[in-house]
Amino acid sequence: MEFTGVYHKTSEQMSYALNDKELVVNLKTGYDVKQVFIIHGDPYDAGILGGNEKWSGTREEIVYKKRLPHQIWWTTTLVPPYKRCKYYFELHTDDEVWYYFEDGFLTEEQVNMEGRLLQYFIVPWMNPADVNRTPEWVNDTVWYQIFPDRFCNGCPENDGGDVLPWQTGPVTNAEKYGGDLQGIRQKLPYLEELGITGIYLNPIMEAETNHKYDTKDYTKIDPSFGDDETMRRLVSEAHGHGIRVMVDAVFNHCGRRFAPWLDVQEKGPRSEYADWFMVNDWTDIRKHESTRDGRFYSFAFADWMPKLNTNNEEVIRYFCGVCEDWVRKYDIDGIRFDVGNEVSHYFLKRMRHHLKKIKPDIYLLGEIWHDASQWLSGDEYDSVMNYPLMSGIHDYFLDGSMDRDEFEYMVNRCYTMYMQQCNNVLFNLLDSHDTERLMNRFHDLDMFYQQLAVLFTLPGSPCIYYGTEIAMEGGFDPDCRRCMPWEQIEAGKYQERISQMQALIRLRKTEEAFKSLHFHFPNEYDNRRCVQYIKLDKEQNKTEVLINCSEEPIQAGIKGEVLFGRRFEGGMLLPKGTLIRRIV
């Protein structure tokens with residue numbers, strides 16, 4: 001047996017409480033392992049210290065598995081009656097049997113050796129206070145991300161002299177177009193008709209730029225967007241339309257006009273806010289140029305976005321108070337933390353504890369572009385933006401040399417990194433204000449809908465960026481932040497595209513299998529670029545997702561009920577075709 005391929009640990013994402021009753025146990029092995037059993041039971045079944053009685057547990061086969069590039073991920077769920085569990089594994093290759101304990105591998109003879117002190121894997125107690133609990137409503141949510149300045153101008157009379165006429169072409173970060181909260185309020189019926197049940201707003205607090213990631217005042221709605229009353233009405237009316245609201249929190253850094261930073265600029269190390277920031281050299285604190293010289297830390301090397309010291313007690317108390325005010329004043333449902341991997345873990349633990357006491361089902365989302373396991377143990381974020389999935393989907397469609405196995409490995413990797421309760425509320429996206437727009441990548445509607453079909457059928461909570469429903473184009477930041485073409489939409493130019501999006505959203509909301517955590521890749525079609533996976537609902541009903549990424553038609557047959565299809569004719573799934581059907 002390839003011992004180096006086997007790994008398990010009673011921590012991280014390999015052994016954890018799913019809820020108050022269920023214990024999830026995961027194991028990695030090499031492909032040479034063909035069958036796995038787990039032997040489990042209560043640690044005290046043979047007495048407090050074991051005595052002369054030999055401990056023996058219940059032997060069960062682990063049948064659920066996912067393929068990774070070089071390993072297999074085996075998963076089972078146990079229900080320990082007393083919230084304790086003791087276990088080990090029995091591993092079968094074609095011609096060997098090994099027993100895997102906490103301290104290594106043993107033969108059957110060694111396991112049964114008289115007097116041997118076996119080192120079992122132990123889950124001592126599934127304490128309810130330590131269970132990672134995520135908001136249940138998020139899995140049922142279809143998000144719509146809005147960049148406020150470019151979505152809709154609802155109060156043109158409030159535009160300042162720096163606001164440009166609304167237009168639909170390329171943009172930069174220099175212009176302002178007057179989008180505001182009143183405009184979003186006006187479009188709530190449109191969003192409800194589209195099927196949206198959650199809005200994610202880019203920053204709305206007072207700042208200098210159009211993107212508002214350089215906060216000036218965390219306690220004040222930017223006047224170009226509206227005021228407290230407008231925000232309260234927006235959230236209240238959104239709730240009336242069945243839509244939740246999540247706001248952006250920029251706590252890694254502030255803007256150059258933030259009052260504590262101005263005080264530091266004026267008074268230097270004598271400022272009462274000196275430790276609110278991370279200054280290394282006070283002699284050039286006022287210099288306006290890149291921070292590559294290390295005089296102070298900032299977001300990237302932008303001197304106009306100084307980094308906040310989220311280890312400082314006053315900073316932590318201040319921002320806990322800011323978020324509490326947002327919840328109490330506006331009744332928001334979620335907070336997305338910008339640059340969520342650079343604020344301190346200490347800060348996030350304190351923030352979560354504070355906010356969950358005020359609103360237990362608030363959704364705390366981190367902007368993290370890589371494996372975020374260390375932030376998802378249940379005491380910091382509920383979930384993260386699933387950029388690894390976005391990148392993996394994009395790369396598969398870009399790289400024709402990748403076969404269907406590599407797509408399967410990529411998806412399985414994304415869903416074996418975290419606990420199931422986090423997977424259930426992952427913020428899945430294909431583009432955002434920080435990326436090139438989805439339609440811009442291939443300029444191909446069929447490939448565009450293929451990727452959306454994947455987005456809406458994988459576990460988590462899907463998000464579309466404003467304008468994705470009309471396949472809006474736009475390059476990398478800042479061009480991905482174009483103005484929404486309302487005149488063309490209202491004239492009916494994009495109705496067919498909107499209808500396609502409505503269909504996918506409706507299926508996501510009504511078909512339990514679309515939201516389910518349970519899926520597998522049977523690979524039944526003889527085509528290396530044909531992606532096929534089966535989603536299962538609670539009753540084990542099957543929904544097939546079939547994506548033809550090859551240049552050849554695929555004989556898919558006429559079976560089941562077609563829920564969504566493009567380029568599917570007479571049982572043939574044509575190149576760039578998409579088929580989602582319920583298998584009867």
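Reply: The questions below concern a predicted model, and each answer sets a value against a criterion.

Me: Why is Cys323 called buried?
Reply: Its relative accessible area is 0%. Buried means under 20%, so Cys323 is buried.

Me: How do you know whether Cys323 is in a disulfide or in none?
Reply: The nearest cysteine sulfur, that of Cys320, is 7.1 Å away. A disulfide requires two cysteine sulfur atoms within 2.5 Å, and Cys323 is therefore in no disulfide. By this rule the count of disulfides comes to zero.

Me: What makes Cys85 buried?
Reply: The relative accessible area of Cys85 is 2%. This value lies under the 20% limit, so the residue counts as buried.

Me: What makes helix α6 roughly parallel to helix α7?
Reply: The axes of α6 (residues 313–330) and α7 (residues 345–358) come within 10 Å and cross at roughly 30°. Angles under 35 degrees count as roughly parallel, and α6 is therefore roughly parallel to α7. The crossing is right-handed.

Me: Which residues make the contact between α6 and α7?
Reply: On α6 they include Val315, Ile316, Phe319, Cys320 and Cys323, while those on α7 include Tyr346, Phe347, Met351 and Leu355. By class, the contact has eleven nonpolar, one polar and five charged residues.

Me: Why is Asn423 called buried?
Reply: Asn423, found in helix α10 (residues 420–423), has a relative accessibility of 3%. That is under 20%, so Asn423 counts as buried. Leaving out residues up to four places away in sequence, Asn423 touches Cys414, Tyr415, Tyr418, Pro459, Gly460 and Leu517.

Me: Why is Leu517 called partly exposed?
Reply: Leu517 lies in the loop between α15 (512–515) and β21 (519–520), and its relative accessibility is 22%. Buried means under 20% and exposed over 50%; Leu517 falls in between and therefore counts as partly exposed. Apart from its neighbours within four places in sequence, Leu517 is in contact with Gln420, Asn423, Asn424 and Pro459.

Me: How many residues separate Leu517 from Ile470 in sequence, and how far apart are they in space?
Reply: They are 47 residues apart in sequence and 29 Å apart in space, C-alpha to C-alpha.

Me: How do you know whether Asn523 is buried or exposed?
Reply: Asn523 is placed in the loop between β21 and β22 (530–536), and its relative accessible area is 19%. Since 19% is under 20%, Asn523 is buried. Asn523 also has a positive phi, of about 50°, although it is not a glycine.

Me: Which form does the peptide bond from Asp477 to Pro478 take, cis or trans?
Reply: The bond is cis, with omega near 15°. Most peptide bonds are trans. Pro478 is found in the loop between β20 (461–465) and α13 (486–490).

Terms used. Residues are numbered from 1 along each chain as its sequence is written. This is a predicted model: local features need pLDDT of at least 70, side-chain atom pairs count only at pLDDT 80 or more; totals for chains, interfaces and linings use all residues. Side-chain values use heavy atoms; hydrogens and water are left out. Buried means under 20% relative accessible area, exposed over 50%, partly exposed in between (1.4 Å probe, protein chains only). Helices (H or I, at least four residues) and strands (E, at least two) are DSSP runs, numbered from the N terminus. Contact means heavy atoms within 4.5 Å. Axes are lines fitted to C-alpha atoms, for helices over the stretch in contact, and angles run from 0 to 180 degrees between N-to-C directions. Angles under 35 degrees count as roughly parallel, over 145 as roughly antiparallel, 65 to 115 as roughly perpendicular and the rest as oblique. A crossing is left-handed if the near helix is turned anticlockwise from the far one by less than a right angle, and right-handed if clockwise. Ala, Val, Leu, Ile, Met, Phe, Trp, Tyr, Cys and Pro count as nonpolar, Asp, Glu, Lys and Arg as charged, and the others, Gly among them, as polar.
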